[in-house]
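Here's a quick briefing for anyone meeting this structure for the first time. Have a look at it, then read on.

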Amino acid sequence: VDGYDRLIERLLLDLPPDVLELRTVASELEWRRGAVTVTARRGTTQRRFAARAAVVTLPLGVLQAPAG
C-alpha cells in the first residue's frame with residue numbers, strides 16, 4: 001500500500017511507542033490554539049486525551065457528502 005500508510009509510518013518515527021490509539025472512536029474534539037482534547041471510546045471504555053495537536057482522518061465519502 002502506498003497511500004496514507006507512508007505518512008503514518010513517518011509520523012511514528014518521531015513519537016513514543018504508546019502514543020497511537022488504534023481501534024478507538026472519537027466522539028468529541030475540543031480545540032483551541034495549541035491544545036486539543038479528544039473524548040474517545042474503545043469498546044465500552046471511554047477516555048479523554050489531551051495534546052498540543054491531533055491528526056484527524058475521515059473517509060473520502062464523508063468529506064464529499066452534502067451537509068446535514
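**Getting started**

Let's begin with one side chain: Arg-42 has a relative accessible area of 42%, so it counts as partly exposed. Keep in mind that you're looking at a predicted model. The protein chain has 2 helices and 3 strands, and from the N terminus on they come in the order α-β-β-β-α.

- Which residue does Arg-42 form a salt bridge with? The partner is Glu-21, and the closest N and O atoms of the two are 2.9 Å apart.
- Arg-42 sits in strand S2 while Glu-21 belongs to the loop between H1 and S1, so this pair ties together parts that are 21 residues apart in sequence.
- Glu-21 is partly exposed too, because its relative accessibility comes to 26%, and buried would mean under 20%.
- Glu-21 also has a salt bridge with Arg-47, where the closest N and O atoms are 3.5 Å apart.
- Arg-47 is found in strand S3 (residues 45–51) and Glu-21 in the loop between H1 and S1, so here the parts being tied together are 26 residues apart in sequence.
- Arg-47 is another partly exposed residue, with a relative accessible area of 41%.

**Another salt bridge**

- How many salt bridges turn up in a search of the whole structure? The search finds 4.
- One of them joins Asp-14 to Arg-10, with 3.1 Å between the closest N and O atoms.
- Is Asp-14 buried or exposed? Asp-14 is exposed, because its relative accessible area is 57% and the cut-off for exposed is over 50%.
- Arg-10, at 46% relative accessibility, counts as partly exposed.
- As background, side chains of opposite charge can pair when their charged atoms come close.

**The sheet**

- The 3 strands make an open sheet, ordered S1-S2-S3, with antiparallel pairing.
- S1 and S3 are the edge strands, each of them pairing on one side only.
- From one strand to the next, the twist averages 15 degrees.
- If you want spots to look for, Arg-32 stands opposite Ala-35 in S2, and Val-38 stands opposite Phe-49 in S3.
- The hairpin of S1 and S2 has 2 residues between the strands, and Gly-34 takes a positive phi near 85 degrees there.
- How many of the 8 residues of S1 are buried? The count is 0, leaving this strand hardly covered.
- A handy thing to know when you look along a strand: in a regular one, the side chains alternate between the two faces of the sheet.

**The nonpolar patch**

- A nonpolar patch lies on the surface, with about 940 Å² of accessible area together.
- Its members are Tyr-4, Leu-7, Ile-8, Leu-11, Leu-12, Leu-15, Val-19, Leu-20, Leu-22 and Val-55.
- Ile-8 has its place in helix H1 (residues 4–13), and at 34% relative accessibility it counts as partly exposed.
- Where does Leu-22 lie? Look for Leu-22 in the loop between H1 and S1.
- Ile-8 and Val-55 are 47 residues apart in sequence, yet in space their C-alpha atoms are 9.9 Å apart.

**The overall shape**

- What radius of gyration does the protein chain have? The chain has 14 Å, whereas a compact globule of 68 residues would have a value near 11 Å.
- Along the principal axes, the C-alpha atoms fill a box of roughly 40 × 30 × 30 Å.
- Of the chain's 68 residues, 9% count as buried.

Conventions: Residues are numbered from 1 along each chain as its sequence is written. This is a predicted model: local features need pLDDT of at least 70, side-chain atom pairs count only at pLDDT 80 or more; totals for chains, interfaces and linings use all residues. Side-chain values use heavy atoms; hydrogens and water are left out. Helices (H or I, at least four residues) and strands (E, at least two) are DSSP runs, numbered from the N terminus. Buried means under 20% relative accessible area, exposed over 50%, partly exposed in between (1.4 Å probe, protein chains only). Two strands pair if DSSP finds at least two bridges between them. Patches are made of residues with over 30% relative accessible area and no salt bridge: like charges are joined within 9 Å, nonpolar side chains (Val, Leu, Ile, Met, Phe, Trp, Tyr) within 5 Å. Accessible areas come from the Shrake-Rupley method with a 1.4 Å probe; for residues, only the protein chains shown count as cover. A salt bridge is a side-chain nitrogen of Lys or Arg within 4 Å of a carboxyl oxygen of Asp or Glu. Axes are lines fitted to C-alpha atoms, for helices over the stretch in contact, and angles run from 0 to 180 degrees between N-to-C directions. The radius of gyration is taken over C-alpha atoms; the globule rule is 2.2 Å times the number of residues to the power 0.38.
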